[in-house]
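Visitor: Please take one part of this model and go through it closely, with the cut-offs behind each term.

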Amino acid sequence: MTAGAETHCPYCALQCAMTLLPKLPGAPADDPRLTVEGRAFPTNRGGLCKKGWTSSTLLDSADRVMQPLIRDAEGELQPATWDDALDLIAETLRSVRTQHGADANGVFGGGGLTNEKAYQLGKFARIALGTSRIDYNGRFCMSSAAAASNRAFGADRGLPFPLTDLDAAHTVLLLGSNVAETMPPFLSHIEGARAAGGLIVVDPRRSSTARLTDDDQGIHLAPAPGTDLQLLLGLTHIVIAERLHDAGYIRDRTAGFAELRRSVAGWWPERVQQVTGVPVVLLRQVARRLGSGRPTYILTGRGVEQHVNGTDTATAAINLALILGLPGKPDSGYGTLTGQGNGQGGREHGQKSDQLPGYRKITDPEARAHVAGVWGVHPDDLPGPGLPAVQLLASIGEPGGIRTLLVHGSNLSVSAPNAGGVRERLRSLDLLVVCDFFLSETAQLADVVLPVTQWAEEEGTMTSLEGRVIRRRKAIDPPAGARSELWIMAELARRLEAPGRFDLDPADVFDELARASAGGIADYSGLSHALLDEGTPAYWPYPAGSGGTPRPFERRFAHSDGLARIVAVSVARPSEPAATGGELTLITGRLLEHYQSGAQTRRVPELMDARPRLEATLHPATAADRGLADGDDIELSNGRGVVRARVTTTTGIRPDTVFLPFHYPDDHSANLLTSDATDPISSMPEFKTAVVRLRAMSVAAP
């Protein structure tokens with residue numbers, strides 16, 4: 001065991017720094033083997049949230065999968081040897097490829113994988129399996145924000161500035177993110193804006209973050225669910241109409257303003273009020289605050305992006321920032337708050353269906369030639385673009401669809417939209433392999449479960465929400481039966497007689513990643529584990545010989561002419577009709593105590609005791625109209641599924657809305673109700689709004 005391993009939290013993209021210390025002699029036997037201590041770092045300044053403080057508990061969990069499992073003829077998962085499990089997987093993959101083609105084998109990655117594992121997974125899919133059918137759960141998280149940033153700026157880096165730049169902000173407009181619960185240490189960076197009365201929070205709920213605007217510390221806008229785009233178009237209209245825009249910046253640094261001006265002409269304040277419910281006086285107040293010329297930031301989160309118009313909504317936020325002259329300024333900017341731990345790095349190095357390492361397009365001949373050269377294969381041997389996540393899963397059981405699926409770092413049966421349909425399709429696969437450290441809800445459906453190492457048992461790198469590459473360090477040895485996914489991929493590649501090298505040492509894999517990324521948008525070629533171990537702040541792009549790029553848009557944007565693109569967007573028809581009669585609009589989100597599908601946090605007693613069950617949040621008037629009270633059990637349903645929950649009421653939610661967190665399994669999974677309709681640009685599913693009906697169940701015992 002290494003004493004005092006300096007590493008980072010295994011949860012969100014804030015990647016709070018921590019030190020893992022061995023248990024002291026004489027400590028209670030049931031204490032975790034490692035103690036978490038906060039560590040000074042620019043993003044968290046020594047602070048952690050509940051999840052971070054309790055993260056080491058999982059290393060000793062009794063639920064840990066300790067050896068491979070194979071489903072027997074009776075349908076039960078039984079212990080097996082590694083050789084038997086890997087031989088079965090390789091034999092099936094080879095047979096399916098021979099009978100149905102390379103694209104019949106699929107791979108599904110995760111935004112929590114280290115850069116090394118995400119990179120190796122993309123390489124494994126394309127040269128060991130020869131398949132184009134790879135995507136990852138970041139498609140459910142960051143794809144709309146990424147698509148919007150790419151077309152506006154020519155590059156997608158969540159925060160194109162260090163997080164500490166926010167400290168001096170006079171105004172922060174935060175759209176669709178409940179940071180007070182999802183990443184509490186972030187709040188220290190917006191204290192200046194709050195003190196100046198400039199925190200503006202857009203959320204249909206009076207969330208914990210929205211309540212930070214109380215006592216004249218800001219403004220809370222509560223638009224009707226699904227109307228964020230109209231709100232942003234209205235704010236843009238006011239900024240232009242009242243000449244609050246930065247004409248010099250627009251002239252020198254952007255293209256497309258004239259079309260934008262025409263496109264927002266019809267979104268006058270009174271119309272926006274009618275559509276969104278936000279009063280005209282607040283719309284004007286916010287627009288004038290944003291256009292004050294003081295240090296201002298616009299930040300978006302999943303609440304405005306996880307929609308079928310998510311790319312256009314994120315684009316509208318970028319347009320507003322551009323006409324205000326914010327991106328690239330030393331004291332202002334636009335950014336999007338990455339969610340998963342390696343949501344940034346995870347989408348840069350090849351596990352997306354259309355990308356190669358370095359954020360290169362897989363259709364670009366030069367990119368293919370460069371990466372193929374690093375991998376030691378011919379460019380023509382690389383497959384083309386595959387299917388994004390929702391379409392990949394929908395292809396199961398269809399002609400030409402995937403027949404096998406290897407899942408790494410994702411719990412699809414809880415986290416995917418229209419989860420009931422996904423569960424049925426997963427059951428129909430010829431082979432489902434899940435790499436996990438717990439028997440997650442998806443692993444429970446698998447034909448083979450492979451036990452893998454946890455965060456504190458491995459070396460590697462992550463890339464935080466601000467584009468900073470950081471080191472994950474090993475603090476403790478894994479259980480004897482667990483293996484690194486790098487080892488698993490190498491063993492399968494050997495059995496499949498794949499070309500190329502599949503290294504086991506994360507430092508060696510990173511060095512290859514650096515070479516493969518050289519010259520790409522996300523260039524890591526100047527980085528190595530050794531350099532990162534020196535504590536060097538490492539913001540990509542970090543070409544060889546450079547010192548990194550903490551603020552990539554200071555002088556020019558990443559388009560060839562250096563200009564940002566203002567892309568006019570319009571309001572399209574929603575994916576399903578609005579709620580009518582007794583129906584309600586479902587909105588989904590996160591809780592302070594839980595993370596993603598809850599596969600980890602639901603195994604931490606302290607967190608589970610705080611939030612043990614799914615609660616549906618209703619307005620008291622809405623509950624009373626239906627004869628419901630706090631503690632009553634209800635069913636929420638639509639054509640996709642039925643969810644059971646317990647009622648809790650608050651005046652901090654709109655009467656036409658019901659809120660569910662998405663961390664719970666089985667018939668408590670909010671994603672049984674969400675739609676798998678997708679954004680036409682990003683393929684992001686419609687997670688944030690759905691129409692549901694409520695039905696009272698039995699009244700809970702007092």
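Guide: Two strands pair if DSSP finds at least two bridges between them; strands here are DSSP runs (E, at least two residues) and helices are runs of H or I of at least four, both numbered from the N terminus. The model is predicted, with local features needing pLDDT of at least 70 and side-chain atom pairs 80 or more, while totals for chains, interfaces and linings use all residues. Residues are numbered from 1 along each chain as its sequence is written, and side-chain values use heavy atoms, leaving out hydrogens and water.

The part to look at is strand β25, residues 641–649. Strand β24 (residues 632–638) runs antiparallel to β25, with 6 bridges between them, and a hairpin of 2 residues connects β24 to β25. Strand β23 (residues 615–618) runs parallel to β25 and is joined to β25 by 4 bridges.

For a helical counterpart, take α19, which covers residues 506–517. Its 12 residues reach 16 Å from first C-alpha to last, close to the expected 16 Å (1.5 Å times one less than the number of residues). Among the buried residues of α19 are V509, F510 and L513, buried meaning under 20% relative accessible area with a 1.4 Å probe, protein chains only. Just after α19, G519 has a positive phi of about 85°.

Methods: Buried < 20%, exposed > 50% of the residue type's maximum accessible area, 1.4 Å probe, protein only.
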